[in-house]
Number of protein chains: 2
Amino acid sequence: MSKNTNASFGEYIRQLREESNLPLRKIAAELDIDTSTLSKIEKNERNASEQIIEKLSVIFKIDKGDLKVRYLSDKITYQLLEEENGIEILKLAEQKIKYHKQQHQL
Amino acid sequence: MSKNTNASFGEYIRQLREESNLPLRKIAAELDIDTSTLSKIEKNERNASEQIIEKLSVIFKIDKGDLKVRYLSDKITYQLLEEENGIEILKLAEQKIKYHKQQHQL
DNA sequence: TTTGCTTTGACAAATATTGTCCAAAGATAA
DNA sequence: TTATCTTTGGACAATATTTGTCAAAGCAAA
């Protein structure tokens with residue numbers, strides 16, 4: 001993931017789009033959504049569906065997994081931004097996920 | 001396995017309740033919710049509101065912050081359990097939160 | 001059996017999200 | 001300046017999700 005990882009998902013998409021010199025209108029058409037919806041996605045005011053993320057990865061020729069990582073980490077970040085113990089929460093979540101994965105392997 | 005951090009939020013509450021030998025009915029009354037709602041909370045089928053968490057921490061004399069950490073880490077865990085890159089997502093979220101906090105301090 | 005505890009499903013009411021349109025605001029070029 | 005293209009924000013109904021509640025059913029002990 002070479003670009004600024006601290007950029008939000010929306011900022012990142014906007015960056016990609018502007019580097020391609022394409023208006024919202026064009027990308028929105030490819031995504032088959034309203035221009036205003038894409039505008040809101042770029043401003044992190046709307047969710048991006050799995051399908052949208054998939055299409056964006058094709059349009060901008062980037063790895064879909066990476067894009068999803070960006071998107072979901074963003075969502076979690078926003079969920080925890082107001083929390084006292086955000087980091088602690090993430091650490092524990094990590095522990096739990098590892099535990100679940102391990103259990104699943106047996 | 002009494003303070004097992006891998007126990008889910010619901011399992012943990014149930015454990016506390018059973019250690020106190022109190023029926024759902026009693027705790028639910030204190031929480032001012034339906035018995036069936038509490039049952040579902042203990043089975044992780046319903047969300048626990050901020051208010052419920054607060055009251056639970058009082059009833060069971062445990063730290064509210066800790067309880068919230070358990071609850072929220074659980075929610076995040078469930079969100080990511082089906083994801084390929086759960087751990088990566090959490091790492092990036094952590095980075096972002098730290099970044100935001102730092103920015104906030106300036 | 002009765003009694004008390006717990007679980008489940010159903011349901012409407014309340015909330016939140018989605019998809020869409022349109023008008024206004026901004027930006028750019030002539 | 002005007003004309004044109006792009007972007008934004010508000011409004012709205014349609015959907016989806018969550019909440020609060022109830023009643024019935026399951027379960028175990030006496």
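## Residues with positive phi

Asn44(B) counts as partly exposed, because its relative accessibility is 30%, which falls between the 20% limit for buried and the 50% limit for exposed. This residue of the predicted model is found in the loop between α3 and α4 of chain B. Asn44(B) is not a glycine, yet its phi is positive, near 60 degrees.

Lys61(A) also has a positive phi without being a glycine, at about 50 degrees. Its place is the loop between α4 (50–59) and α5 (64–80) of chain A. With 75% relative accessibility, Lys61(A) counts as exposed.

## Helix α2 of chain B

Helix α2 of chain B covers residues 24–31, and its buried residues are Leu24(B), Ile27(B), Ala28(B) and Leu31(B). These residues lie on the same side of α2(B), because the arc they cover around the axis is only 100 degrees. They pack against three helices of chain B: α1 (9–19), α3 (35–42) and α4 (50–59).

The face of α2(B) turned away from the buried side carries Arg25(B), Ala29(B) and Glu30(B), which are exposed. After α2(B) comes Asp32(B), with a positive phi near 65 degrees.

## Surface near DNA strand D

There are 15 residues around DNA strand D, and those that come nearest are Arg14(A), Leu24(A), Arg25(A), Thr37(B) and Arg46(B). By class, this surface has 8 charged, 5 polar and 2 nonpolar residues. Of the DNA strand D atoms within 4 Å of the protein, 55% belong to sugar or phosphate, and the rest belong to bases.

In Ser39(A), a side-chain N or O atom is 2.7 Å from a phosphate oxygen of DNA strand D.

## Contact between chains A and B

The contact between the two chains takes 34 residues from chain A and 33 residues from chain B. Between them, the chains bury about 3,400 Å², with 64% of this area on carbon and sulfur atoms. On the chain B side, Asn6(B), Lys96(B) and Ile97(B) supply 17% of the area that this chain buries against chain A, more than any other three residues.

Technical notes
Residues numbered from 1 in each chain as written. Chains lettered and ligands numbered in written order. Predicted model: local features only at pLDDT ≥ 70, side-chain atom pairs only at ≥ 80, totals over all residues. Heavy atoms only, no water. Buried < 20%, exposed > 50% of the residue type's maximum accessible area, 1.4 Å probe, protein only. Helix = DSSP H or I, 4+ residues; strand = E, 2+ residues; numbered from the N terminus. Arc of directions from axis to C-beta. Contact = heavy atoms within 4.5 Å. Near = heavy atom within 4 Å. Polar contact = N/O pair within 3.5 Å; in protein donor to acceptor, adjacent residues only side chain to side chain. Nonpolar A, V, L, I, M, F, W, Y, C, P; charged D, E, K, R; others polar. Buried area = accessible area lost by both parts, 1.4 Å probe.
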